[in-house]
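Visitor: I am new to this structure, and I would like to be guided through some of its helices and residues, one question at a time.

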Amino acid sequence: MLRRAFGLGSSQALIRMLCSFVSVKLTAVYLGPAGFALIAQVNTLITLGQGLLGAGINTATVRLTAEYGESQALRRKALWATGFKMAAGLGIVGALALLAAAPILGNRLLGREDYAWAIALCGVGIIAAMINNVLLGALNGVRDIRRVVQSNVIATLVGLLAFAPSCMLWGTTGGICGSIAGYVAGLFISVLLSRRSTVVQLKDFVGQWDTAEAKRILAFYPMLIAHAALPPLAMLMVRDSVIGIVGLEAGGVWQAAWRLSEVYTGIITTSVSLYFMPRLGELANDGRGMRREVWRTLAAATGVTAALAMVIYLLRDWVVRLVFSASFDGVQNLMPVQLLGDVLKMAAWILGFVLVATVRTRWYLAIEILVPLFLVGAVRTLTPLLGSIGAMWAFVLASTFQLVLGAIALRDLLFAGATSPGSQRS
């Protein structure tokens, strides 16, 4: 199953990567480093919003759907209906909050009050993303990976078709609108594909509210609110610090290097996400089986990341020229350190996945609080001394710190394997 998930996930991620490279190229050519940074801020805000409000629902949908299996179909349907209502309701609340705060956030995050409309429009993207994640989470939980991949691939292609002409014709304004349109298109496509599923039916999402399932979903929230809020918030602060120290142009170059890593590591994270959480749900009461699965997935994910990082390092001159424009030549100097951090970050991300699946709330919250604080502090310390590459070294140090903490938190599971995964939640 892992091999199949990697195959389908890699196909999806490769298409996303190619589309991302095209969008990166368009942004670099038509908007320049400054526009690149603004588009990144808008997408980070949507990621922050939908993650803060909906990450717990999404993860609970995947994890609990897999745990219930076919033998508890009624509980699955109650889970889906409750999750959908929570996602829609919280999404609307979040959109209204952004609408009210749009003038302030437009000036603070995008540097201009007349970009308040963009902040307000992000609310639409948040609602669409949250509902879409519930639909795809249900499909993923029943192992309908093929349909999940189809939805994501088609949404990626449609999103690019919306973004490309908008960016070319209307500059930054068009790029912002095109980016948000991609989230709406993703929801529309998922709805169409869900109608063809024999297991997940759209009518199952409009059933009655179930308080017991709501409580199970809420149990994931303390961890995932921290995950959804703190890393994106830290990135907003890091990006703001880098731009404030080295300037908007150099900050855009740093953002380009960061974006390049996000694109290629997405191949691995997408593949693992399709497989790992449902599998951990199936092994919820099998400590030895979970230990084997964690080590196997950890080795596969970090090994593939290291291999891709090495290829990109060897071809970095060619990659920068192809993906970006002449004004982004500085990316080549930042890439080696960033690639090292990517390998460490991938290993830490796998361990974080396990902490969520085994509901080790205290450890997870501690890591999610300490690591972003460490990253922001390291960036503000090293960037004035070393320039943009100082921010990259801060990323390496923060990833190492996160990996060490994750290994300590999971030492009983990783190195003993005799206990049930849920027996030592802390």
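The questions and answers that follow concern a predicted model.

Visitor: Which residues of helix H9 are buried, and on which side of the helix do they lie?
Guide: Helix H9 covers residues 316–323, and a residue counts as buried when its relative accessible area is under 20%.

Visitor: How are helix H11 and helix H12 oriented to each other, roughly parallel or roughly antiparallel?
Guide: In general, two packed helices are described by the angle between their axes and the distance between the axes. For H11, which spans residues 361–386, and H12, which spans residues 388–409, the axes come within 7 Å and cross at roughly 160 degrees. Because angles over 145 degrees count as roughly antiparallel, the orientation of H11 and H12 is roughly antiparallel.

Visitor: How many nonpolar, polar and charged residues does the contact of H11 with H12 have?
Guide: H11 passes H12 in a right-handed crossing, and the residues of the contact can be sorted by class. The contact of H11 with H12 has 21 nonpolar, 5 polar and no charged residues.

Visitor: How are helix H2 and helix H5 oriented, roughly parallel or roughly perpendicular?
Guide: Helix H2, residues 73–109, and helix H5, residues 211–218, pack with their axes 9 Å apart and at an angle of about 65 degrees. That angle makes H2 and H5 roughly perpendicular. The crossing of H2 and H5 is, moreover, right-handed, and the orientation asked for is roughly perpendicular.

Visitor: What distance separates the C-alpha atoms of Ala81 and Leu202 in space?
Guide: Ala81 has its place in helix H2, and with 1% relative accessibility Ala81 counts as buried. Along the sequence, Ala81 and Leu202 are 121 residues apart, while the distance between their C-alpha atoms in space is 9.5 Å.

Visitor: Which backbone oxygen does the side chain of Thr358 reach?
Guide: Thr358 is found in the loop between helix H10, residues 331–357, and H11. With a relative accessible area of 1%, Thr358 is buried. At 2.7 Å, the side chain of Thr358 reaches the backbone oxygen of Val354.

Visitor: Which backbone oxygen does the side chain of Ser179 reach?
Guide: The place of Ser179 is in helix H4, which runs over residues 145–194. Ser179 counts as buried at 13% relative accessibility, and its side chain reaches, at 2.9 Å, the backbone oxygen of Gly175.

Visitor: What distance separates the C-alpha atoms of Leu414 and Phe328?
Guide: Leu414 is found in helix H13, residues 411–415, and is buried, with a relative accessible area of 4%. Leu414 and Phe328 are 86 residues apart along the chain, and their C-alpha atoms are separated by 42 Å.

Notes:
Residues numbered from 1 in each chain as written. Predicted model: local features only at pLDDT ≥ 70, side-chain atom pairs only at ≥ 80, totals over all residues. Heavy atoms only, no water. Buried < 20%, exposed > 50% of the residue type's maximum accessible area, 1.4 Å probe, protein only. Helix = DSSP H or I, 4+ residues; strand = E, 2+ residues; numbered from the N terminus. Axes fitted to C-alpha atoms, helices over the stretch in contact; angles between N-to-C directions. Parallel < 35°, antiparallel > 145°, perpendicular 65-115°, else oblique. Left-handed = near helix turned anticlockwise from the far one by under 90°. Nonpolar A, V, L, I, M, F, W, Y, C, P; charged D, E, K, R; others polar. Polar contact = N/O pair within 3.5 Å; in protein donor to acceptor, adjacent residues only side chain to side chain.
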